[in-house]
Amino acid sequence: MPRPTKQPGEKRSATIRARLTVAEKLYAEEQARAAGLTLTDFVRRRVLGIPVKPRPHQLEASLITELNRIGVNLNQIARAANAGRDLPGSLDAERRALQAALIKVMAAYDS
């Protein structure tokens, strides 16, 4: 399927040229890469005042999911304890899982 034709006002035909130092260009390229954008898209967004945030690290997303799962389990255990019910035998397993997840988080941010 062919791409739709843009109207004249939608075409990006105007250009801006700017001179940068090598260090400035490398910095802009690094910021664009961190955001998952091309240099052109990165510069366009910055010029137009659109916030540009670095992409979340894939490991970070999976760790947040795992920590949330562990937190839900710990909350259920706390509710059971506050209600006077016997605590499940998985309490120590949850503690070990939380400790392992925290070690992963610390290792990810140390590198």
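Predicted model: local features only at pLDDT ≥ 70, side-chain atom pairs only at ≥ 80, totals over all residues.
## Overall form

The protein chain holds four helices and zero strands, and its pattern along the sequence reads α-α-α-α. Helices (H or I, at least four residues) and strands (E, at least two) are DSSP runs, numbered from the N terminus. The radius of gyration of the protein chain is 24 Å, whereas a compact globule of 111 residues would have one near 13 Å; this radius is taken over C-alpha atoms, and the globule rule is 2.2 Å times the number of residues to the power 0.38. Along the principal axes, the C-alpha atoms fill a box of roughly 70 × 40 × 30 Å.

Of the 111 residues, 11% count as buried, where buried means under 20% relative accessible area, exposed over 50%, and partly exposed in between (1.4 Å probe, protein chains only). The protein chain exposes about 9,700 Å², of which carbon and sulfur atoms supply 56%; accessible areas come from the Shrake-Rupley method with a 1.4 Å probe, and for residues only the protein chains shown count as cover. Contact means heavy atoms within 4.5 Å, and among contacts between residues at least 6 apart in sequence, 33% join residues at least 24 apart.

## Nonpolar residues, inside and outside

In soluble globular proteins, nonpolar side chains tend to be buried together. Here the largest nonpolar core is made up of five residues, Ala28, Ala32, Ala35, Leu37 and Phe42, and helix H1 (residues 22–35) gives the largest share of this core, three residues. Such a core is a set of buried Ala, Val, Leu, Ile, Met, Phe, Trp, Tyr and Cys residues joined through side-chain atoms within 4.5 Å. Apart from its neighbours within four places in sequence, Ala35 is in contact with Val52, Lys53, Pro54 and Arg55.

On the surface, Ile16, Val43, Val47, Leu48 and Ile50 form a nonpolar patch with about 510 Å² of accessible area together. Patches are made of residues with over 30% relative accessible area and no salt bridge, with like charges joined within 9 Å and nonpolar side chains (Val, Leu, Ile, Met, Phe, Trp, Tyr) within 5 Å. Leu48 is found in the loop between helix H2 (39–47) and helix H3 (58–82), and Leu48 counts as exposed because its relative accessibility is 58%.

## Salt bridges

Side chains of opposite charge can pair when their charged atoms come close. A salt bridge is a side-chain nitrogen of Lys or Arg within 4 Å of a carboxyl oxygen of Asp or Glu, and by this rule the count comes to three.

| Salt bridge | Closest N and O atoms |
|---|---|
| Lys25 and Glu29 | 3.5 Å |
| Asp41 and Arg44 | 2.6 Å |
| Glu66 and Arg69 | 2.8 Å |

Lys25 and Glu29 are separated by about one helical turn, because they are four residues apart in helix H1. Asp41 and Arg44 both lie in helix H2, three residues apart, about one turn of the helix. Glu66 and Arg69 are three residues apart in helix H3, so about one helical turn separates them. Lys25 is partly exposed, with a relative accessible area of 42%, and Glu29 also counts as partly exposed, at 25% relative accessibility.

Notes:
Residues numbered from 1 in each chain as written. Heavy atoms only, no water.
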